[in-house]
Amino acid sequence: MKQKPCLFIVIPCYNEEEVLPITAPQFLAELSHLIESGRVSETSRILFVNDGSKDRTWELISEYAKNDEHYIGISQSRNRGHQSTVLAGLMEAKDRCDITISIDCDGQDDISAMDQMVDAYLDGCEIVYGVRSNRESDTWFKRTTAQCFYKLLSGMGVDTVYNHADYRLVSARVLSHFADYKEVNIFLRGMFPLVGFRSTSVYYERHERLAGKSHYPLKKMLGLAIDGITSLSVEPIHMIARIGILISLIGIIGIIWVLVRAFTGHTVTGWASMMCVIFFMGGIIMLSLAIIGEYVGKTYMETKRRPRYIISERTEDSEQN
């Protein structure tokens, strides 16, 4: 008889003291259901990853771990962002389990979709992406910006799954290879497709946040988009080259036109047109420098080889003490 896989549910947490008391029992109920149905082993765990929270999030995680062995937690030494926190949990879990499922703490992702994810794994899939079936719960602005976000990534050559965030099942086998990706600038939803292996998608409806406030405002979404593009694609550099060639051709045509006008005795005063050209060229140059600077900055950070996360505490360590 085939051994039941050990599952670790990896949950990043940042200032979640309001929503954690609501969702933590829900995660435990789902894990218990998966164990009772024979899909996963009794050694499966819920791994909370504290991202340097400033509220009582870590205290709550420690309390849950004391009361039930299925809860465990680790805490980063400081706030490092969502992607680094998910990565820390996955790397912590990869040598202790057969499969992981990463999911946010806010209760928006349908927890019951884990059943289908585990079933897909048992059928032979190594990666199972949780994909939103619709965005009816979003505001018009968020829905529009999200669609633009995915289309922009696709247009820039970044291989992502449309409407997939970071709700996914990944096998330990995939994680062992994923650990070889040493980038400091992390964009997980674009990196896992690079690893390969058999994959599929599970569709679900996303709900409203159960409590607390979202930690992903427009500014962070834009930052995530920039990280995704510049970490996984050089298409912006190619665009600059194409724009440069186009403007150079226009410039050559303009020079020929000016010379023809001069030789035929027509003088061009053209102060306004000249200023428009200067402003246009100045804007193109500044934009090009900004894009190139983004890549130079990314390269600078990569060469430092700084750790992508640092674990300062573990609930299991405190229990042993």
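**Entry 1: the whole chain**

I am working from a predicted model. I began with the overall make-up. The chain has 11 helices and eight strands. I then looked up burial: 43% of the 321 residues count as buried. The accessible surface comes to about 17,100 Å². Carbon and sulfur atoms hold 59% of that surface. Next I checked contacts between residues at least 6 apart in sequence; 83% of these join residues at least 24 apart.

**Entry 2: salt bridges**

How many salt bridges are there? I get five. I wrote up three of them, taking each pair in turn.

**Entry 3: Arg-39 and Asp-119**

I looked up the side chains of Arg-39 and Asp-119, which meet in a salt bridge at 2.8 Å, N to O. This pair links distant parts of the chain, 80 residues apart. Arg-39 sits in the loop between helix H1 (20–36) and strand E2 (45–50). Asp-119 belongs to helix H4, residues 113–122.

Is Arg-39 buried or exposed? Its relative accessibility is 19%, so I log Arg-39 as buried. The cut-off is under 20%. Asp-119 has a relative accessible area of 30%, so I log Asp-119 as partly exposed.

**Entry 4: Glu-92 and Arg-314**

Glu-92 forms a salt bridge with Arg-314, and their closest N and O atoms are 2.9 Å apart. Which elements do they come from? Glu-92 lies in helix H3 (residues 82–93), and Arg-314 lies in strand E8 (residues 311–314). The pair therefore ties together parts that are 222 residues apart in sequence.

Glu-92 is buried, at 17% relative accessible area. Arg-314 is partly exposed, at 27%.

**Entry 5: Lys-94 and Asp-95**

I found another salt bridge between Asp-95 and Lys-94. Their closest N and O atoms are 3.2 Å apart. Asp-95 reaches 64% relative accessibility, so I log Asp-95 as exposed. The cut-off for exposed is over 50%.

**Entry 6: a negative patch**

Last, I looked at surface charge. Which residues form the negative surface patch? I list Glu-17, Glu-18, Glu-59 and Glu-313. I followed up one of them, Glu-17. Glu-17 is placed in the loop between strand E1 (7–13) and H1. Its relative accessible area is 32%, so Glu-17 goes down as partly exposed. Patch residues need over 30%, so Glu-17 passes that cut-off.

Methods:
Residues numbered from 1 in each chain as written. Predicted model: local features only at pLDDT ≥ 70, side-chain atom pairs only at ≥ 80, totals over all residues. Heavy atoms only, no water. Salt bridge = Lys/Arg side-chain N within 4 Å of Asp/Glu carboxyl O. Helix = DSSP H or I, 4+ residues; strand = E, 2+ residues; numbered from the N terminus. Buried < 20%, exposed > 50% of the residue type's maximum accessible area, 1.4 Å probe, protein only. Patch = residues over 30% accessible without salt bridge, like charges linked within 9 Å, V, L, I, M, F, W, Y side chains within 5 Å. Areas by Shrake-Rupley, 256 points an atom, 1.4 Å probe, with all protein chains shown as cover. Lys, Arg positive; Asp, Glu negative; His and termini not counted. Charge placed at Lys NZ, Arg CZ, Asp CG, Glu CD. Contact = heavy atoms within 4.5 Å.
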